[in-house]
Amino acid sequence: MAVWVTDARVLTGLGNLEDTWQALLEKRSAIRGIERFDTRSYTCTIGAWVDGLRGPEDGRSMVHGLLDRLFESPVSVPEGTLVITASTKAGIDSLEAFSRGCSGNGAPVLPSGLPGTVADRLGIATYGANVSAACASSTVALSRAASMIESAIVESIAVCCLDLLTEFVFSGFSSLRILSSRPCRPFDRQRDGLSLGEGAALFIVMAEKKARQMDLPCRGVISGWGIANDAEHILSPAIDGRGLVSAARQALRRARIKPWEVGAVSAHGTGTTQNDAMELRAFPTIFGTRQLPVYSIKGAVGHSLGAAGGIETAMALQALASQVVPPTTGFTETEEGVETRITREATPIRGRSMLVTNSGFGGVNCALVLQPGRET
Amino acid sequence: MRSRAATGKRDLMEAYVTGAGWVTPAGSGQGRTSAFSWGKGDLPSIARKQVFSDPYPHFGRMDRYSRLGVAAVALALRDAGVEHQSRSRPVALIGSTVRGCIETDIAFFKAVRTQGPQYASPHLFAYTLANTFLGEAAIRFNLAGPTFILNEPDHGGLFALTMALTMIDNGESPVAVTGVCDLNSPSPQVDSMAGALFFVLEQTADEDRSYGRLVRSSGGDLAFQDRKVVDMTTLAGCLSEGSEL
């Protein structure tokens, strides 16, 4: 049973889906000086964030502001749609505010409360759970949605992905010394860390039969997925990328395509020395000597943690529709000996499929195979 | 053997329950040697020697939430007889939780707020992700399958159980370890369930290793050996009833 994406929308520091896509093509970046909290005690002072979000000091978590913007235009969902969400820390800003003595009136939005909050927004009664898989949360959530639809457990699922740029997360990544003091440079030989971001994405994922019955457009097809754990270290990826290779191969097998049929890769590409090195080893293992375009958008929108894969999947669907993948903002030159073709400019896709990959703390790796939308 | 109706829906998904392990206020245990009980009150503190006979120094450095989860996963795997293997295995780890690592979150940010960002603990930060303990279990037991947490609105773990069955059914993993894991609420006024309870589900199992068959009907109902299962607690109860304990 084919799994269609009938609606996709995003919110990043660059704006909505169309604005973000256009900004990617123009190599614009939302990474800039942080105003949301005091960064004077940190060596990094930059990140990417959504303008105008009001914090818990004003009575509620910024999560609600993100959702307000994401749902600015109505979302139509069929009856019986299940909601699942993807977030690592949800409304952690409320915890921050509470610890600072701000009472507000908004209860902390725990990840377990997020599906119900989103279901309320959509006016539907059925919700499942929040997926928490570190920086692979969104792609894991999308893979779960596709899996449930393929297994005929449910016909329609709304997947909402989000994470905030908060001092909680910023201080943690700073303590790990993996934040760059400059906007991140994915896969670049001079890369020295990541830039945090925030954002949200929403997908309506549906069984093809249901979508056709409702005469809904097909924005793309989730044709394969795979998840695997490195089982090596909770903070660092396995050097040989074994988990990512396994996840990608599972996804390709499920999609019934060979590596040579993949047109391009939306990589995790955080800009850290270790993650990017791992991917630069994993991709040749998966694709051999073939020079397909590989890109990362985190140099433009920052690393939005649990929301990253959702935003990247939406951009990959846009890339498939346009048959062009964006340049990797922040990338100028590869390391010596690296032959992977990281995009410097908008690059045509040769092939009908794209691979979207994410890796995260806890050793998790997830890969999705996406194919273009179909005529209905 | 599964049948498929004309609509394309499977009549049922199935897996065999081969292990159960838990740590609760009533104590810790395994399905084949103890009867399950949540108990009430505070969780016991879990020392490495209570669960692991070999040196495992890293266990003591985990946060409380992770120690709870890893201990229960260990007991479940041990009960199933699959705790240790030298080769990497495509076993899925799916945890369900309501509160996740909130206790660790509070401790981490307290240091940042009261002492300053330079005192943010990188070690503690690693445990401010609810899925970290699954990563610890993956490392300890060589489990290279899918790992993720499901934050559910209640302690039943039903979504996780359904997810595990789905993954086994559609070939994503031949084995899934799934369970619930929650510490006591950080608010003392809140009386909430606490503990960890994990099961090992397998696509196929020899009769002498299996407690029985867990099935999901196309209508969504779960049943274990023809007894309705509404959450992980009732599944544990079914195992206890079916055993000679």
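The questions below concern aromatic rings in a predicted model.

This is a predicted model in which local features need pLDDT of at least 70 and side-chain atom pairs count only at pLDDT 80 or more, while totals for chains, interfaces and linings use all residues. Residues are numbered from 1 along each chain as its sequence is written, chains are lettered from A in the order in which they are written, and side-chain values use heavy atoms, without hydrogens and water.

Me: How many aromatic pairs does the structure hold over all chains?
Reply: Rings of Phe, Tyr and Trp (its six-membered ring) pair if their centres lie within 6.5 Å; planes under 30 degrees apart count as stacked, over 60 as edge-to-face and the rest as tilted. Over all chains, the number of aromatic pairs is 15.

Me: Are the rings of A:F173 and A:F361 stacked or edge-to-face?
Reply: The ring centres of A:F173 and A:F361 are 5.8 Å apart. Because their planes stand at 20°, the pair is stacked.

Me: Is A:F173 buried or exposed?
Reply: Buried means under 20% relative accessible area, exposed over 50%, and partly exposed in between (1.4 Å probe, protein chains only). The relative accessible area of A:F173 is 4%, so A:F173 is buried.

Me: Which residue lies over the face of A:W49?
Reply: A charge sits over a ring if NZ of Lys or CZ of Arg is within 6 Å of the ring centre and within 35 degrees of the ring normal. At 3.7 Å from the ring centre of A:W49, the residue lying over its face is A:R32.
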